[in-house]
Amino acid sequence: MNRPIPFGFPNGRSLRLLLPSVVLALAFPAWASLGDNVTSVQTDKARMKGTLRSVATQRYVTHEIQVPTGQVVREFVSPDGNVFGVAWEGPFQPDLQQVLGSYFEPMKQAVAAQQRRGHGPISIESSGFVFQQGGHARDFHGRAYVPAMVPQGVDVTEIQ
Amino acid sequence: MRLLGILAAVCCLVSLVACGGGSSSTTSTITVVGASCNPTSIAAGQTSQCTASVSGTGSFSSAVTWTASGNGTITPAGGLFTASTVPFTSQATITATSTQDSTKTGSTTITVATAGTVNSVSASCNPTTIQGGQLTACTATVNGSGNFSPNVTWTASAGTVNPITGVYTNTTPGTYTITATSQQDPTKTAPVSVTVVNGVSNSLPIVVDGGPAGLNVSYANGAFATITVCVPGTSTCQTIDHVLVDTGSVGVRILAKAAGGELDPALVPLPQLTSGSNVIAQCNQFVDGFTWGSVSLATIQMAGETASTPLNATVAGLPIQLIGDPTIPTVPSSCTGMKNESNFQALGANGILGVGTFQQDCGSGCTSGTPPNVYYSCASGSCAPTLLGLAQQVTNPVSAFTVTNGSLGDNNGVLVQLPSVPSGGTTTVSGSLIFGIGTQTNNALGSATVFDTNSSANFTTVFNGQTNSCSYIDSGSNAYFFQSAGFPGLVACTGSISSFYCPTSLLTLSAQNQSATNTNGATGTVSFNVGNANTLFSNNGNANNAFMELAGPNAPVPNCGSSFDWGLSFFYGRNVFTAIEQQPVTGTSFVGPFWAY
């Protein structure tokens with residue numbers, strides 16, 4: 001079931017991405033994990049029961065899912081269809097296993113290998129991926145990306 | 001006398017220039033000026049006509065100038081006095097001054113009465129019971145008719161009361177009478193009884209010492225407290241050491257013995273929170289992982305304070321999380337995170353003492369709509385997300401402190417006090433977790449700057465030109481965590497300590513904090529140092545646990561710039577207050593949530 005929703009973003013989010021773009025809007029959307037190819041997104045359809053907005057820029061497309069419990073999850077898709085980055089924010093963490101896909105286990109292992117000596121934000125830059133999460137009770141934010149998949153010319157600070 | 005007039009005339013003949021006008025004015029003198037007014041007693045707004053009698057010699061002038069001191073005005077030439085409104089009956093002094101000789105004056109008085117009558121005075125003090133050294137604010141209402149004075153003067157049978165404001169304090173236990181007396185009519189008084197009791201001990205020792213015995217890797221920058229966990233309504237208790245003091249989370253979480261912690265259900269059988277026949281469990285998210293356990297009910301004792309049943313709760317006891325409770329089902333698949341911290345080595349502590357700015361850990365996000373993956377209802381070996389009312393949620397123990405009826409409780413926030421740490425770190429640091437803000441002599445805001453937070457418990461930190469509007473102060477984060485914003489040399493470490501910075505030399509940095517709201521618009525500059533984490537950790541044969549210079553990177557946040565997380569590094573050498581939402585600070589205009597330092 002695809003139905004259009006009004007143009008624009010709630011809470012003023014991602015207006016920067018909106019300007020040079022084409023907007024596609026879907027309800028109960030498809031979803032893909034980090035590293036997936038968007039041709040496979042139908043398999044995870046409706047898992048997050050959220051609202052999707054897709055915004056195309058010159059170098060990539062951003063799929064933004066607003067989850068009913070308040071989180072926002074963004075996936076960054078390269079022109080060749082690969083999800084090269086994901087980012088999330090909100091009062092709760094999203095289902096990170098779902099968001100990180102096949103990278104979830106390697107990232108968990110990387111977190112476990114950290115000599116953290118306590119609690120606080122995590123920042124991991126391995127040869128294969130970057131994982132960062134920060135925040136506190138009722139306000140979390142994070143991102144993960146695969147540097148080798150980031151399209152040429154994209155500033156990784158845009159993955160947020 | 002006639003002779004003087006002749007001499008004056010002769011003088012004029014000699015020197016015409018000096019004589020001016022009238023031929024005889026320079027020969028007159030003023031001897032006496034008298035003044036009288038009628039009537040001599042008037043009320044506010046009424047008038048009294050004053051007249052002068054001037055005696056003198058020669059062709060003296062009988063003109064006078066009228067002045068009045070207080071309680072009214074008088075026309076300078078006509079002598080018509082108009083009484084102003086006065087708080088109580090008083091006198092005005094009226095003076096007539098000779099215009100010819102200003103050294104000659106005459107005075108009289110007019111009684112100015114108030115236009116109203118005081119009938120009674122009523123008074124009250126809030127609170128009526130204080131701990132020794134606390135303040136209570138007394139207020140009075142004067143009842144009367146007409147234009148009566150509303151002012152009272154405060155006195156006390158013992159202790160100290162401000163005669164104007166009515167703020168009372170006393171250090172000696174007992175019952176005392178504070179009295180408001182009408183200034184207009186001192187026969188009208190109102191006594192108030194105030195009881196002074198011995199103060200509740202509100203200071204809990206904390207220590208930064210590497211964490212509980214048995215950790216594979218010692219904890220860095222963790223402030224730990226020892227607390228007592230009891231079965232509600234009983235004296236069946238167990239003391240738990242090394243509970244992490246965390247101003248970035250909310251609620252008490254205790255690691256069960258079965259998960260490597262200390263709390264032993266055989267010694268302290270805490271009841272579980274239930275819904276019908278289902279047990280309520282929780283997947284609590286931290287920034288670096290999650291804890292899974294039952295919601296259990298306990299009484300928590302810290303220093304002289306007792307945290308128990310929250311307001312509006314229907315079952316006795318403070319809802320806490322019993323992490324790793326072996327009696328509930330295993331972690332459901334929807335409870336995900338980077339690390340399951342429901343075990344001793346991953347938690348690095350025997351529990352978490354969450355004393356942040358919220359009253360509950362989840363709040364309205366868990367009371368309606370789609371239930372998030374936070375609270376779970378468990379039955380038949382499996383658990384599913386559920387909504388949970390505020391009074392059932394894991395609750396900030398400070399906001400649930402038992403408060404003696406009518407007295408000022410220590411339930412509006414906490415003060416963390418830690419001394420400064422030498423450059424390069426040290427092994428152990430001792431400090432205090434003090435309960436209450438502005439409630440006792442040891443927790444006054446004093447000269448601390450108050451920074452309001454927004455609804456997400458954030459304020460703004462500007463660093464190196466980057467505005468980070470999702471910033472916060474968090475004793476549970478073990479360093480400063482912030483984006484370098486391109487600052488030269490501020491580079492992340494590599495390998496297993498990549499969550500910290502490793503500059504090649506000590507960096508001296510500066511950032512500006514800003515209140516999240518325009519309510520008070522507070523700003524303040526913080527100077528801080530960042531050292532090389534690799535070096536810091538290896539100093540002193542790897543034995544140091546407290547570091548003022550430990551910092552690490554952070555992620556970008558949409559519409560926020562980033563977060564500047566002022567972790568425990570920030571707390572050394574400071575008094576840092578964390579005020580709970582909706583809780584006022586008596587004697588100030590400040591209401592939580594806020595931070596102050």
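Biologist: OK, take Gly531(B). Buried or exposed, and why?

Modeller: Gly531(B) counts as buried, because it has 24 C-beta neighbours inside 10 Å.

Biologist: How far is Gly531(B) from Cys230(B)?

Modeller: C-alpha to C-alpha they are 42 Å apart in space, and 301 residues apart in sequence.

Biologist: What's the domain layout of chain B?

Modeller: The domain assignment gives domain 1 (2-113), domain 2 (117-197), domain 3 (204-392) and domain 4 (413-596). Taken over C-alpha atoms, the centres of domain 1 and domain 4 of chain B are separated by 73 Å.

Biologist: Let's do sheets. What's the strand order in the open sheet of four strands in chain B?

Modeller: The order is 2-8-7-4, with mixed pairing. Strand 2 (41-43) and strand 4 (64-69) of chain B are at the edges with a single partner strand each, so one side of each has no neighbour in the sheet. From one strand to the next, the twist averages 30°.

Biologist: How does strand 4 of chain B pair with strand 7 of chain B?

Modeller: Antiparallel, over six bridges, with strand 7 covering residues 90-98. Within that pair, Ala68(B) is opposite Ile94(B) of strand 7.

Biologist: And strand 12 of chain B, which residues are on its covered face?

Modeller: Val152(B), Trp154(B) and Ala156(B) are on the covered face, while Thr153(B) and Thr155(B) are on the uncovered one. In a regular strand the side chains alternate between the two faces of the sheet.

Biologist: How many bridges join strand 12 to strand 15 of chain B?

Modeller: Five, and the two strands run antiparallel. Thr153(B), from the uncovered face, stands opposite Thr181(B) in strand 15 of chain B.

Biologist: Switching to chain A. What's in it?

Modeller: Three helices and eight strands, in the pattern α-β-β-β-β-β-α-α-β-β-β along the sequence. Of its 160 residues, 49% count as buried. As for the contacts in chain A with a separation of 6 or more, 46% are between residues 24 or more positions apart.

Biologist: How many residues of chain A are in contact with chain B?

Modeller: 44 residues of chain A, in contact with 56 residues of chain B. The chain A elements giving two or more residues to that side are helix 2 (96-100), helix 3 (104-113), strand 6 (122-125), strand 7 (130-136) and strand 8 (139-145). By class, that side of chain A has 13 nonpolar, 21 polar and 10 charged residues.

Biologist: Last topic, confidence. What are the scores?

Modeller: The model has ipTM 0.80 and pTM 0.75. For chain B the mean pLDDT is 92, with 95% of its residues at 70 or more.

Biologist: Where in chain B does pLDDT stay under 50?

Modeller: Over residues 1-25, where the model has 11 contacts beyond four places in sequence. Where pLDDT is low, the predicted coordinates should not be read in detail.

Note on methods: Residues are numbered from 1 along each chain as its sequence is written. Chains are lettered from A and ligands numbered from 1 in the order in which they are written. This is a predicted model: local features need pLDDT of at least 70, side-chain atom pairs count only at pLDDT 80 or more; totals for chains, interfaces and linings use all residues. A residue is buried if 20 or more other C-beta atoms lie within 10 Å of its own, exposed if 12 or fewer, and partly exposed in between; C-beta atoms are placed from the backbone. Two strands pair if DSSP finds at least two bridges between them. Two residues are in contact if their C-beta atoms, placed from the backbone, lie within 7 Å. Ala, Val, Leu, Ile, Met, Phe, Trp, Tyr, Cys and Pro count as nonpolar, Asp, Glu, Lys and Arg as charged, and the others, Gly among them, as polar. Axes are lines fitted to C-alpha atoms, for helices over the stretch in contact, and angles run from 0 to 180 degrees between N-to-C directions. pLDDT is the predictor's confidence in each residue, from 0 to 100. Domain bounds come from an automatic or database domain assignment.
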